[in-house]
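Hi,

Here is the structure I promised to pass on. Have a look at it first, and then read on for what turned up.

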Amino acid sequence: MEQMTPSRPYVLRAFYDWLLDNELTPHLLVNAEVPHTEVPRQYVNDGQIVLNISPSAVVGLHMDNEAVSFNARFGGQPLQVYIPMAAVVAIQARENGAGTFFPPEPAYEAWLEAASDEVPEPEAATPPEMDGTQPPRKGRPNLKVIK
């Protein structure tokens, strides 16, 4: 028998719709240490982050068989979020915890092994103002009011 595709993206989309239909707020529990995961690192706790993915919290939510992606603001700063399906741990309602945790799936285990081999270790990020690529700003900002 041929190996089946992972069920996680289908179940995730179904629970998302079900939670919204019941006027609940869907939250994703994400393993932020999975390669290619792009989330606001300052909010990661013990390698995980909980993200509100309700329509009022995100813009351009896209859930396909490979990943979940959207735009959101964190601390007032806009950020493009990208979560590979292998990084999705659970979807639950904020109000009552209704939802599900996802079991490990062989396809994601293989993906994780391949992805961890190709991802280089992250280098220590140097703030732009410290690395010499941006000259320091001088004087006051120069803005014009256009009518």
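Salt bridges first: the structure holds 2 of them, where a salt bridge is a side-chain nitrogen of Lys or Arg within 4 Å of a carboxyl oxygen of Asp or Glu. Before the details, a word on the source: this is a predicted model, where local features need pLDDT of at least 70 and side-chain atom pairs count only at pLDDT 80 or more, while totals for chains, interfaces and linings use all residues. Residues are numbered from 1 along each chain as its sequence is written, and side-chain values use heavy atoms, with hydrogens and water left out.

Helices (H or I, at least four residues) and strands (E, at least two) are DSSP runs, numbered from the N terminus. Are the two partners buried or exposed? Arg-8 counts as buried at 4% relative accessibility, and Glu-105 is buried too, at 11%. Buried here means under 20% relative accessible area, exposed means over 50%, and partly exposed is in between (1.4 Å probe, protein chains only). Those areas come from the Shrake-Rupley method with a 1.4 Å probe, and for residues only the protein chains shown count as cover.

The other salt bridge is between Arg-94 and Glu-95, again with the closest N and O atoms 3.8 Å apart. Here Arg-94 is exposed at 53% relative accessibility, and Glu-95 is partly exposed at 43%.

Both of those residues come up again with Thr-25, which sits in the loop between helix 1 and strand 1. Leaving aside neighbours within four places in sequence, Thr-25 is in contact (heavy atoms within 4.5 Å) with Asn-52, Ser-54, Gln-92, Ala-93, Arg-94 and Glu-95. Thr-25 counts as buried, at 10% relative accessibility.

Now the overall layout. The protein has 3 helices and 7 strands, and along the sequence they follow the pattern α-β-β-β-β-β-β-β-α-α. Of its 147 residues, 32% count as buried. The protein exposes about 10,500 Å², with carbon and sulfur atoms supplying 53% of that. Among contacts between residues at least 6 apart in sequence, 58% join residues at least 24 apart.

Next, the core. In soluble globular proteins, nonpolar side chains tend to be buried together. A nonpolar core is a set of buried Ala, Val, Leu, Ile, Met, Phe, Trp, Tyr and Cys residues joined through side-chain atoms within 4.5 Å. The largest one here has 29 residues, and Leu-12, Leu-28, Leu-51, Val-68, Phe-70 and Ile-83 touch the most other members. Two or more residues each come from helix 1 (8-21), strand 1 (26-31), strand 2 (48-52), strand 4 (67-74), strand 5 (77-84) and strand 6 (88-93). Which of them gives the largest share? That is strand 4, with 4 residues. As for Leu-12, its contacts beyond four places in sequence are Leu-28, Met-63, Val-68, Met-85, Val-88, Ile-91 and Phe-102.

Strand 5 also holds Pro-84, which is buried at 3% relative accessibility. Not counting residues up to four places away, Pro-84 touches Pro-35, His-36, Thr-37, Glu-66, Ala-67 and Trp-111. The C-alpha atoms of Pro-84 and Glu-66 are 6.0 Å apart, although 18 residues separate the two along the chain.

Finally, the rings. A search of the whole structure finds 2 aromatic pairs. Rings of Phe, Tyr and Trp (its six-membered ring) pair if their centres lie within 6.5 Å; planes under 30 degrees apart are stacked, over 60 edge-to-face, and the rest tilted.

- Phe-15 and Trp-18 are edge-to-face, 5.7 Å centre to centre with 90 degrees between the planes. Both lie in helix 1, 3 residues apart, about one turn of the helix. Phe-15 is partly exposed at 22%, as is Trp-18 at 41%.
- Tyr-43 and Phe-74 have ring centres 6.1 Å apart and planes at 40 degrees, so this pair is tilted. Tyr-43 is in the loop between strand 1 and strand 2 and Phe-74 is in strand 4, so the pair ties together parts 31 residues apart in sequence. Tyr-43 is partly exposed at 43%, whereas Phe-74 is buried at 16%.

Cheers
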